[in-house]
Amino acid sequence: MLKKLENIGTYTLTGLEQTGRTFNLLLLVLWELARPPYRFYTIVRQIYFIGARSLSLIVISGVTIGMVLGLQFYSILERFGSVNLLGAGVALSVIRELGPVMTALMVVGRAGSAITAELGIMRITEQVDALECMAISPNKYLVAPKVIAGLISVPLLTAVFDSVALFGGYFVGVVMFGVAEGSYMNGMIDAVEWEDVRLGLVKSVIFGVLITLICCAKGFYMHLTKAGSQGAEGVSFVTTDAVVLSSIAVLFSDFLIGAIFS
Amino acid sequence: MQKLNIELLTGIFVMIGIAAFTYIAVSIGGVRFTEQPGYTLTARFTSISGMQAGAIVEAAGVRVGTVSDIEFDPDSYEAIVSLRINQGVPVQEDAIAAIRTQGIIGEKFIKIIPGGFEELLTDGMEIYETESAVNLEELVSKYMFSDKG
């Protein structure tokens, strides 16, 4: 009985400790960014890895989501005889919700897991310590470029996802089901306001920082957790953890941002 | 060569992203960096019943402006609505501003019904002839609870 209580206590404490470390890392990154030397090339390389190489995945998933939305909204709206709302429905749900969330989840799966694995392996093979020995701040050299690249890449990927998904909805609605082109496009333009675009932008910026930060912290502070002593198995453990945690963080903060900003 | 490649691809990615965002914001979201040329008129209504700033102003079914501001006048207990009318759309002195609803439960908008006078309203003037919102629930309750003898 006492043992169980103790377990609950341990879980709570480790949870708090990890959350604290993650946000501490954010402060460290901001502090490191303000100090010279500025390394732009490392950021470019990370934008290439997180952003440019995710582009094909984002385009494919965007078209698919747009087409699925077009299909589903069409069959629902047809029952009420208001097919002319198809454009508005697809555009609003993509720009406000699905675009930022789906993009963030895709980036978590593609780039987030790789970030955690990379940093975790660098930590257990003592490459991070080697950097410190050479007086190179690992926060600045390893973590900061990834967080900044997330901040820049995820909003851009979201914008690509949104426009491609609108095209997917257009394809299903107008080309396949023969909804009037004017009512699809104008319904979309009338329904979407700057507030909706801004909400999507705010979400994608926050998601971009959040997922890269969680994934970096998981790998970077691997030696402070139980997994640190387990070698390669530990890396797989923290990678799984990072993906699960950042996905949950994305979904939960999506709700929070939606509740605050609307 | 490898270095150049990464930079080139990153540059292309960033340009595609910015282009997509501009498309979403400007074409779909309707962001204007310069205000559309036009003039502002005011109108007083006894009830606007749920109309929001940003609502559409129509004349003959065509969008000719937007509602830019809604204020409450505590003295007369009326709503003062500012209408931003596009350049080149004439509004006569005796024109009527009426609040209408799209469909039965749709959004509220303001319909401009042209008048016969030759004098046109200019920036800052007031449309005197107004028709307030028709409240469907009030009409229904009036009908339901009226004494039908």
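Predicted model: local features only at pLDDT ≥ 70, side-chain atom pairs only at ≥ 80, totals over all residues.
**Ground rules**

I count residues from 1 along each chain as its sequence is written, with chains lettered from A and ligands numbered from 1 in written order. Local features need pLDDT of at least 70, side-chain atom pairs count only at pLDDT 80 or more, totals for chains, interfaces and linings use all residues, and side-chain values use heavy atoms, with hydrogens and water left out.

**Entry: chain A**

I looked up the secondary structure of chain A and found nine helices and zero strands. Helices (H or I, at least four residues) and strands (E, at least two) are DSSP runs, numbered from the N terminus. Along the sequence, chain A reads α-α-α-α-α-α-α-α-α. I also looked up the extent of its C-alpha trace, which spans about 65 × 55 × 30 Å along its principal axes.

**Entry: salt bridges**

I call it a salt bridge when a side-chain nitrogen of Lys or Arg lies within 4 Å of a carboxyl oxygen of Asp or Glu. Over all chains the count is 13 salt bridges. One of them joins K218(A) and D241(A), with the closest N and O atoms 3.0 Å apart. K218(A) sits in α8 of chain A and D241(A) in α9 (residues 231-261), so this pair links parts of the chain 23 residues apart.

**Entry: where A meets B**

How many residues of chain A are in contact with chain B? I found 26 residues of chain A in contact with 20 residues of chain B. Contact means heavy atoms within 4.5 Å.

Next I looked up the buried area. The size of an interface is often given as the accessible area lost when the parts come together. Here the buried area (accessible area, 1.4 Å probe, that two parts lose on being put together, summed over both) is about 1900 Å² between chain A and chain B. Carbon and sulfur atoms give 84% of that area. Y41(A), Y48(A) and L156(A) supply 27% of the area that chain A buries against chain B, more than any other three residues.

Then I checked the charged pairs.

Which helices of chain A each supply at least two residues to the side that touches chain B? They are α2 (40-50), α6 (138-176), α7 (181-191) and α8 (194-220). α6(A) gives the most, with eight residues. By class, this side of chain A has 19 nonpolar, three polar and four charged residues. Ala, Val, Leu, Ile, Met, Phe, Trp, Tyr, Cys and Pro count as nonpolar, Asp, Glu, Lys and Arg as charged, and the others, Gly among them, as polar.

**Entry: cavities and a pocket**

On a 1 Å grid over the protein atoms alone, a cavity is a set of points where a 1.4 Å probe fits but cannot get out; a pocket is an open set with protein on both sides within 12 Å along at least five of seven lines; lining residues have an atom within 4 Å of a point. Points are joined across faces, edges and corners, and a volume is the space filled by probe spheres set on them.

I count two cavities of 30 Å³ or more. The largest cavity has a volume of about 70 Å³. Its lining includes D162(A), S204(A), F21(B) and I24(B). The second largest cavity holds about 40 Å³. Among its lining residues are I50(A), V107(A) and C215(A). α4(A) gives the largest share of that lining, five residues.

Last, I looked up the largest pocket, which has a volume of about 1700 Å³. Of its 50 lining residues, the closest to the centre are D190(A), E193(A), G54(B), R63(B) and T66(B). The lining divides into 19 nonpolar, 19 polar and twelve charged residues.
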